Protein chains: 2
Amino acid sequence: MAEGVTPQSEDYSRWYTDVVQKAELADYAPVKGCMVIRPYGYALWENIHDALDSRFKATGHENAYFPLFIPMSFLQKEAEHVEGFSPELAVVTIGGGEKLEEPLVVRPTSETVIGHMYAQWIKSYRDLPVLINQWANVVRWEMRTRLFLRTTEFLWQEGHTAHETAEEAQEETIRMLRVYQDFAENEAAIPVIPGRKSASEKFAGAATSYTIEAMMGDRRALQSGTSHNLGQNFAKAFEIRYLDRNNELQYCWTTSWGVSTRMVGAIVMVHGDDKGLALPPRLAPIQAVIVPISKTDEEREQVLPAAEDIFKRLQAAGVRVKLDARTEFTPGWKFNEWEMRGVPLRIEVGPRDVANQSAVLARRDIPGREGKTFVPWAELDIKVPEALVTIQKALFDRALAFREEHTHRPENYEQFKEAVEDGFALAWWCGDLACEDAIKTDTKATNRCIPLEQDGGTGKCVYCGKDASEKAIFARAY
Amino acid sequence: MAEGVTPQSEDYSRWYTDVVQKAELADYAPVKGCMVIRPYGYALWENIHDALDSRFKATGHENAYFPLFIPMSFLQKEAEHVEGFSPELAVVTIGGGEKLEEPLVVRPTSETVIGHMYAQWIKSYRDLPVLINQWANVVRWEMRTRLFLRTTEFLWQEGHTAHETAEEAQEETIRMLRVYQDFAENEAAIPVIPGRKSASEKFAGAATSYTIEAMMGDRRALQSGTSHNLGQNFAKAFEIRYLDRNNELQYCWTTSWGVSTRMVGAIVMVHGDDKGLALPPRLAPIQAVIVPISKTDEEREQVLPAAEDIFKRLQAAGVRVKLDARTEFTPGWKFNEWEMRGVPLRIEVGPRDVANQSAVLARRDIPGREGKTFVPWAELDIKVPEALVTIQKALFDRALAFREEHTHRPENYEQFKEAVEDGFALAWWCGDLACEDAIKTDTKATNRCIPLEQDGGTGKCVYCGKDASEKAIFARAY
């Protein structure tokens, strides 16, 4: 257990905030609801950025940048959109010392201003599809905030695409949902359930919203990325039209999709424990830390060159490695420090290791002796990358086993209530908002999604008993 | 001359705006003074980002992210700072539907909020130096705006460092100025003059400001990056203190430095011509474009596979290459298009080239036959990268020769006035604000900087005739 970190079992929410701050991922800003992303947290975000960005580019998308400020009148063009976002807006009313004629909204999301630009850029079917992504900050005024999970300002990417046909827009929507799933599972080592949002949970202005839902360490759900088929809603509101192959003017079909710094919170909560963070190797800013161990100056003179040699070998092997040669801290203190910061692999080098021309690898995800192996120096450039692959898989497997352990298939409402006390309930649902609402009032569990992958068959709604053709995931959520 | 582009000689300012829009670097946003950075412009910015970011990391800096909103009271803590920035602020007065108790400023720069955080993070000399950079958007309300050069919102990086001693802060300030010079000259192919700003031109709140100044195609100066030694001004305003090696509380010494999307404007104006952009190969999103040339379907069937083969070879050689196989446009139309977009090298493949197993390389920077060479296919993966290096150097050399041609060393005020009509005047200056002001009123030329590299010796102020120990660059500027 780490100093200054509340145990998960005592208060999960305080554990989370303690870890985020002690590991120096983020800090509270002097502005209500805002955060400062510290260098270690930002390095993690940079790795998330790169892993997503390369996937966007591989699927044909380009990046661009649209303005921070949106005229208030733009939001009002899409009725559902303005209703959904109005309570969360930050509004600029003064610019250059003068009151503005029309107030400017600080973007909560950019469908409107991007829609306005697409209307100017798109003339014909030859201009389609438009596949653009933006990396940006957005602002949603929040009453109750938590570092990374819900902050007034956050960083994200928002993809915005325009297509000729409804089918292409739907394909794009699902393609990007699968890109998010691939990223979450293979980079963040977080198993997710891709699914459709119910009407009550969808994005304000979307035709259909999709989500990837993950189970956190306290068995609550976290919406970790969303992909929206916007139909022609924004195309009609902003006159995004094109001349089709028959020279007739048609409205485009558009999509939008986003992942935010919230993903950092998911990584903390899925993999962390009472010792602190446990980062998936593929995203970890530091994948391996070398801690030299010596009691005397003489020992230090033996150990340090060996540690430096290992550092160079691993750097050459493409490992993001750090050598912690600080003299003002004990090895034990350093072990705790790097465990807190979630470094996947620790490499210990003491006098006996030097004598044996070997080093100790200690896995962050397996405590004590069981997580340790001795490796000859000559094999480190093979064994360390191998260990990182093993740890990446082990983190995913553990998270998946945990989710499966706490996912239930209740056959009646009594079982359902027990299920959502423990984690996820995958239950038949008739599709009625009334059942969703009643369940929420009753149990605080919300409809997280209707999974794309269904068990099959038909059944009876777990709440009302009416015929149901789909199962939904219900859970208490962030 | 390119269609829809005003010639430089007719109206340089319109030429600039035409090129930026026709080449699809940027577009006007629906919000006054804001711009949309289009995918091609953003890809250029991404390359600028990467070239700077790797230099920052190589000099020990880490990235972080601080909030967009700054309490108004923070700006007021540094008297010069608030005076300098007050007229340019965008102010949020409404959040979540309610009037805010304290208005929030949309950051025009982040010294204040970062200073506030540093005061909390820095305890002892062991915590120093703090070397942090931020990539962010900032807002300065501007009355007269121009795409990239002066926009209400722009993208930039801002480095913020804290040090134990005045000497270290000064070293850092100059180190980053030299990093900017290295970037400008070796990546953007823009020769710059690194120098000190006069008191009247320095950053609001700095002890001393440094700049890199470049000459644009219309012989006006553009401040292209700045590095500020902030002394203890912000440390005192925000109580950024540390326990020194004698256990005594001391104020830190801080710096800040920034380069913005304005650099894109510099690249347009330094290298562009009446045909459009001319991008330096190291930053160009597309370094080489392959244009297959065929008149009949039969020819196309020969030419296209060859073009595809060349594309693969060059991609494997690490060239950012594009194959323009569109059938709806003629080769001539494509030549103009890619010249407009400033692609450094065009590769033409026609039926005769296929027969000869060769291709034509055409340089963007040298028009007509002189810029063309025939290269056997087997040598393309060597010759194309070589040509890119040659073009990079040629662009720099041409810009340097142009600047030298239009830089004068006037010995009296009559010569001075002629000099600033033509370009830069490097002249003795006594250091008095009065002379600067009189020169500005008289000639519209401002003191751009006192170059770090001086001619040596002493002389008489070009305006008042008093003793002067330094020369300054005077020019009309953006």
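Me: Which residue is the bridge partner of A:Y210 in β11(A)?

Reply: This is a predicted model, in which local features need pLDDT of at least 70, side-chain atom pairs count only at pLDDT 80 or more, and totals for chains, interfaces and linings use all residues. Residues are numbered from 1 along each chain as its sequence is written, and chains are lettered from A, ligands numbered from 1, in the order in which they are written. Strands (E, at least two residues) and helices (H or I, at least four) are DSSP runs numbered from the N terminus, and two strands pair if DSSP finds at least two bridges between them. Eight bridges join β10 (residues 208–215) of chain A to β11(A) in the antiparallel sense, and the partner of A:Y210 is A:S227.

Me: Which residue in the turn between β10(A) and β11(A) has a positive phi?

Reply: The two strands form a hairpin with five residues between them. The phi in question is about 70 degrees, and the residue is A:R219.

Me: How many residues of β11(A) are buried?

Reply: A residue is buried if 20 or more other C-beta atoms, placed from the backbone, lie within 10 Å of its own, exposed if 12 or fewer, and partly exposed in between. Strand β11 (residues 221–229) of chain A is largely enclosed by the rest of the structure, because the buried residues number nine of the nine.

Me: Which residue of β14(A) is the bridge partner of A:N229?

Reply: β11(A) is joined by four bridges to β14 (residues 253–260) of chain A, and the two run antiparallel. A:N229 is bridged to A:T255.

Me: Which strands stand at the edges of the open sheet?

Reply: The sheet has eleven strands with mixed pairing, in the order β3-β7-β8-β14-β11-β10-β9-β22-β25-β21-β20 (chain A). Each edge strand has a single partner, so one side of each is left without a neighbour in the sheet; they are β3 (62–63) and β20 (407–408) of chain A.

Me: Which strand gives the largest share of the side of chain A that touches chain B?

Reply: Counting two residues as in contact if their C-beta atoms, placed from the backbone, lie within 7 Å, 42 residues of chain A are in contact with 42 residues of chain B. The largest share on the chain A side is six residues, from strand β5 (residues 90–95) of chain A.

Me: Which residue of β5(B) stands opposite A:A90?

Reply: β5(A) pairs with β5 (residues 90–95) of chain B in the antiparallel sense, over five bridges. Opposite A:A90 stands B:G95.
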